[in-house]
Amino acid sequence: MSLHPKTTILKSTVINWGIIGAGKIATKFASDLAAVSNAQLYGIASRNLEKAKTFGQDFKATMAYGNYEDLVLDPNIDAIYIATPHSFHKEHTALCLNHNKAVLCEKPFAMNLDEVEDMIQLSKQKETLLMEAMWTIFLPHYRYVLDLIKNKHFGNIIKLEADFGFHPTYDETSRVFDKSVGGGSLLDIGIYPVFAALSTLGAPETINASAKFFDTGADSECNITFHYKNTTANLKSTFLEETHTQAIFHCEEGTIKINGRFHEPSSVTLTDSEGHSVLKEFDTKTIGYSYEIEHFNALLRAGKTESNIMTFKKSKQLIATLDSIRRKIDLQYQ
């Protein structure tokens with residue numbers, strides 16, 4: 001992997017972060033960034049300058065920009081977090097990479113595999129770090145479960161059940177319900193149950209899926225089954241009801257349950273074949289974004305252009321699987 005142009009500087013200085021987009025998820029990211037050592041929020045960019053200024057004041061940013069171009073042109077910015085709607089991820093990632101800015105792009109990486117492959121190709125061409133912000137894989141409880149499964153703590157997985165559901169107020173003007181920007185349950189929250197299956201069982205042999213839709217054309221609910229040689233994964237995403245949002249791995253000799261909400265900092269319940277249960281809790285002092293930030297910062301300081309944990313291969317597998325599910329439910333964004 002090639003060295004980032006600023007590697008020699010970054011080894012001895014604070015990493016200056018910029019954020020594109022000043023919405024809810026950017027707020028969470030900025031809050032956790034403040035808890036990370038040797039890193040700071042330097043700039044926030046929004047198409048609304050007043051919104052950027054307010055955000056900057058709230059999180060003590062040095063600069064606020066009324067457009068994204070000014071942020072990427074600022075020589076003081078080392079890394080940029082992209083927190084805009086899904087349909088803008090490729091465009092904004094390209095804007096950053098073309099100015100040799102390291103990019104942490106919110107999930108889903110982009111709208112489809114073609115876009116993701118273009119982003120990765122540009123990252124390699126520019127020799128500049130790019131990573132999908134799939135924060136779950138960096139969380140302590142999830143790393144713990146991945147180790148249990150890898151080491152066959154309870155033997156092989158027989159069945160996985162994972163869901164993510166909540167009931168937002170219906171608003172056709174909201175990003176969540178706007179199909180043109182990738183709104184709907186699958187890309188917004190269904191990505192997490194899908195990721196739970198891929199990260200533990202790998203790519204399925206076959207997929208079955210069905211969906212319900214809002215009047216806007218965005219999917220309101222997806223029910224998905226991954227079929228493997230010796231196991232199945234039953235996955236669900238929904239905006240029609242509150243669900244437990246758990247991931248339950250039924251294994252040969254016991255059960256591993258990531259308690260709700262499984263995709264964010266949580267606890268894990270281990271139950272053996274005799275019914276004895278142990279609750280494993282984790283001391284997480286932040287919202288949970290700090291772990292991916294620390295990993296990304298380490299990559300940047302080491303001059304890496306790709307994560308060894310959230311690899312390009314994993315990102316391509318994830319979006320390709322989401323593409324397959326969309327074809328099954330006849331969901332098209334364009």
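This is a predicted model: local features need pLDDT of at least 70, side-chain atom pairs count only at pLDDT 80 or more; totals for chains, interfaces and linings use all residues.
Trainee: In what order do the strands of the parallel sheet of 6 strands stand?

Mentor: Helices (H or I, at least four residues) and strands (E, at least two) are DSSP runs, numbered from the N terminus. Two strands pair if DSSP finds at least two bridges between them. On that basis the 6 strands form an open sheet with parallel pairing, in the order 3-2-1-4-5-6.

Trainee: Which residue is the bridge partner of Glu-106 in strand 6?

Mentor: Strand 5 (residues 102-106) pairs with strand 6 in the parallel sense, over 4 bridges. Within strand 6, the partner of Glu-106 is Ala-133.

Trainee: What angle does the direction of helix 9 make with that of strand 1?

Mentor: Helix 9 packs on this sheet, touching strand 1 (15-20), strand 2 (39-45), strand 4 (79-82), strand 5 and strand 6. Contact means heavy atoms within 4.5 Å. Axes are lines fitted to C-alpha atoms, for helices over the stretch in contact, and angles run from 0 to 180 degrees between N-to-C directions. The angle between helix 9 and strand 1 is about 125 degrees.

Trainee: In what order do the strands of the mixed sheet stand?

Mentor: This second open sheet is formed by 8 strands. Strand 8 (206-213) and strand 14 (277-280) stand at its edges, each with a single partner strand. The order is 8-9-10-7-11-12-13-14.

Trainee: Which residue of strand 10 stands opposite Phe-226?

Mentor: Strand 8 and strand 9 run antiparallel and are joined by 8 bridges, and Ile-207 stands opposite Phe-226 in strand 9. Strand 9 also pairs in the antiparallel sense with strand 10 (residues 232-238), over 7 bridges. In strand 10, the residue opposite Phe-226 is Ala-233.

Trainee: Are helix 6 and helix 10 roughly parallel or roughly antiparallel to each other?

Mentor: Helix 6 (residues 113-126) packs against helix 10 at an angle of about 165 degrees, with the axes 9 Å apart. Angles under 35 degrees count as roughly parallel, over 145 as roughly antiparallel, 65 to 115 as roughly perpendicular and the rest as oblique. The two helices are therefore roughly antiparallel.

Trainee: How many residues of the contact of helix 6 with helix 10 are charged?

Mentor: In helix 6, Leu-113, Val-116, Glu-117, Ile-120, Ser-123 and Lys-124 meet Phe-312, Lys-316, Ile-319, Ala-320 and Asp-323 in helix 10. Ala, Val, Leu, Ile, Met, Phe, Trp, Tyr, Cys and Pro count as nonpolar, Asp, Glu, Lys and Arg as charged, and the others, Gly among them, as polar. The contact has 6 nonpolar residues and 1 polar residue, and its charged residues number 4.

Trainee: Which residue forms a salt bridge with Lys-53?

Mentor: A salt bridge is a side-chain nitrogen of Lys or Arg within 4 Å of a carboxyl oxygen of Asp or Glu, and the whole structure has 7 of them. The closest N and O atoms of the pair with Lys-53 are 3.9 Å apart. Both residues lie in helix 3 (residues 49-58), 3 residues apart, and the partner is Glu-50.

Trainee: Where is Pro-108 found?

Mentor: Most residues other than glycine have a negative phi, and most peptide bonds are trans. The bond joining Lys-107 and Pro-108 is cis, with omega about -15 degrees. Pro-108 is in the loop between strand 5 and helix 6.

Key:
Residues are numbered from 1 along each chain as its sequence is written. Side-chain values use heavy atoms; hydrogens and water are left out.
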